[in-house]
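Let's look at how side chains can link up within a protein chain. Take a moment to turn the structure around before reading on.

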Amino acid sequence: MARGAGGCWLLCAAAALAACARGDPAGRSRSCSEVRQVYGAKGFSLSDVPQAEISGEHLRICSQGYTCCTSEMEENLANRSRAELETVLLDSSRALQATLATQLRGFDGHFQHLLNDSERALQDTFPSAFGELYTQSARAFRDLYTELRLYYRGADLQLEDTLADFWARLLERLFRQPHPQHLLPDDYLDCLGKQAEALRPFGDAPRELRQRATRAFVAARTFVQGLGVAGDVVRKVAQVPLGPECSRAVMKLVYCAHCLGVPSARPCPDYCRNVFKGCLANQADLDAEWRNLLDSMVLITDKFWGPSGAESVIGNVHVWLAEAINALQDNRDTLTTKVIQSCGNPQVNPQGPGPEEKRHRGKLVLQEKPPTGTLERLVSEAKAQLRDAQDFWISLPGILCSEKMAMSAASDDRCWNGMAKGRYLPEVMGDGLANQINNPEVEVDVTKPDMTIRQHIMQLKITTNRLRSAYNGEDSDFQDASDDGSGSGSGDGCPEDICGRRINRKSSSSRTPLTHALPGLSEREGHKTSAAAHCPQACAALLLLSLVLSAARPRWR
């Protein structure tokens, strides 16, 4: 009898322990009032929220113990957690986007202001100093400034060719002006052009302007393009949708504690980091090329100073033009004599006026405009902000956990570990896709990288390559063309029939395509034929091939 009573007691004790282990209401009657309050505060109807815990066999994400969540509640909270994370990611990127956009507007506005000031100075001083020598060639000067702007904005132009064409057109017009009594057919003007290099009618000004302008404009436009690309990458990557495994993990992190009836429990720090390191694994793979880009942008600002710097050159183009016309006036008689010796006497135009009376004109001596300090301030601010942004992609998990997820201050018995209130024991994963193979919270297929993000990684590499070439004074858009023998000149491997052909200088009606237009700025110029916008998937493959080939040879000198 005693043995039977003892056996019954043991059975009862075991049943009680089992009830406690599975959260049996008989062992603990738990109300769902706190969950109802939180759930309703999020705008959901309370009609389906149970008053007390129910069996959780229906749950698909949270653990299937006793719960305060119905299937509909779990689905609603899962959708809400995904939407909240996407909003948080967009919010986290907005500050950096705004910083880059402010830099872009500042530098772009300053460089354009320098060029506009130079053109205004030319228009204010040349007519009175040079008279008809200028007015009859005014269109050539306007066209030069137009093409300099187009080049800066990313047009498919080679700056050396642009300047060479300008000097050739200017020489033809200025040679005609004092010889109105002569017929100067095209073949005679061709002969004149061939003699120009040896005769140097404009003195040293063309060579000086070519050398300095090439370095200054290449550095300025490539830096501003880099800011545009950086902002574009941040904006587009922030919009990359989350995968289903990430959505499940975030739901478990944020709202499964609610379903368990402990909505006040905050996520354990290492648990939260593992969730977001898994969710943002592809984004973290941007880190290396992102750092390379920002480092290259900081470095190229050194090229903004000195005799060939953007500040000295872009705002003083008119100074070299004045020196060139001064030299032509000094060399006019010698030039005429040597041209006649080489090309013969031009035919007299029987219907033309007589020879122009020689007029002595004074020289126009212009002083270079001193720096205002604006560019120095912009560069100082940009360097600090770009350095602060270097670890943006790998710092996102920590930022989200500490600032957005109300993470617990410490990993102790009171934080939420994904299953219950208690310590979180797994180690924190490393950054990037390859390190997530053993992530305990997010099932990540490390063999299938996100192709959208891979394309942005390639875009960063290409832009960094251009910045490094620009640091050496090279326009990589054309350097690439000569290296691979394609002759396309696009510099990004995009075929001419897709990305637009090089401008034909003999045709005044052709529109210069912007093959590397500034992101966020090109629409204001009305040019929407950028290579990035018009290359289909086939072009992306060619871009990758071009990148591999260019990476095989050193570009940083």
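## Buried or exposed

A residue is called buried when its relative accessible area is under 20%, exposed when this is over 50%, and partly exposed in between. Glu208, with a relative accessible area of 22%, is therefore partly exposed. Keep these cut-offs in mind, and remember that you are looking at a predicted model.

## Disulfides

A disulfide is a covalent bond between the sulfur atoms of two cysteines. How many disulfides are there here? The count comes to 6. Let's visit some of them.

Start with Cys32 and Cys68, whose sulfur atoms are 2.1 Å apart in a disulfide. This pair links distant parts of the chain, 36 residues apart: Cys32 is in the loop between helix H1 (2-21) and helix H2 (33-41), while Cys68 is in the loop between H2 and helix H3 (71-130). The link is left-handed, with -90° about the S-S bond. Both Cys32 and Cys68 are buried.

## Two right-handed links

Next, find the disulfide between Cys246 and Cys279, with an S to S distance of 2.1 Å. Here the two cysteines sit in helices: Cys246 in helix H9 (residues 244-254) and Cys279 in helix H11 (residues 269-279), 33 residues apart. Is this link left-handed or right-handed? The torsion about the S-S bond is about 110°, so the disulfide of Cys246 and Cys279 is right-handed. Cys246 is buried, and Cys279 is buried too.

Now look for Cys268 and Cys415, joined by a disulfide with 1.9 Å from S to S. These cysteines are 147 residues apart and link distant parts of the chain: Cys268 lies in the loop between helix H10 (256-259) and H11, and Cys415 in the loop between helix H17 (392-404) and helix H18 (451-471). With 90° about the S-S bond, this link is right-handed. Cys268 and Cys415 are both buried.

## Salt bridges within a helix

Side chains of opposite charge can pair when their charged atoms come close. Across the whole structure, a search finds 21 salt bridges.

One of them is formed by Arg94 and Asp91, with 2.3 Å from N to O. The two residues are 3 residues apart in helix H3, so about one helical turn separates them. Arg94 has 47% relative accessibility and therefore counts as partly exposed. Asp91, at 36%, also counts as partly exposed.

In helix H8 (residues 205-237), Arg212 and Glu208 are 4 residues apart, so they too are separated by about one helical turn. Their side chains meet in a salt bridge, at 3.2 Å from N to O. Arg212 counts as partly exposed because its relative accessibility is 22%.

## A bridge between helices, and a network

Which residue forms a salt bridge with Asp108? The partner is Arg153, and the closest N and O atoms of the two are 3.0 Å apart. Asp108 lies in helix H3 and Arg153 in helix H5 (residues 138-153), so this pair ties together parts that are 45 residues apart in sequence.

Are the two partners buried or exposed? Asp108 has a relative accessibility of 5%, so this residue counts as buried. Arg153, at 4%, counts as buried as well.

Asp117, Arg120 and Lys369 are linked in a network of salt bridges.

Notes:
Residues numbered from 1 in each chain as written. Predicted model: local features only at pLDDT ≥ 70, side-chain atom pairs only at ≥ 80, totals over all residues. Heavy atoms only, no water. Disulfide = S-S within 2.5 Å. Buried < 20%, exposed > 50% of the residue type's maximum accessible area, 1.4 Å probe, protein only. Salt bridge = Lys/Arg side-chain N within 4 Å of Asp/Glu carboxyl O.
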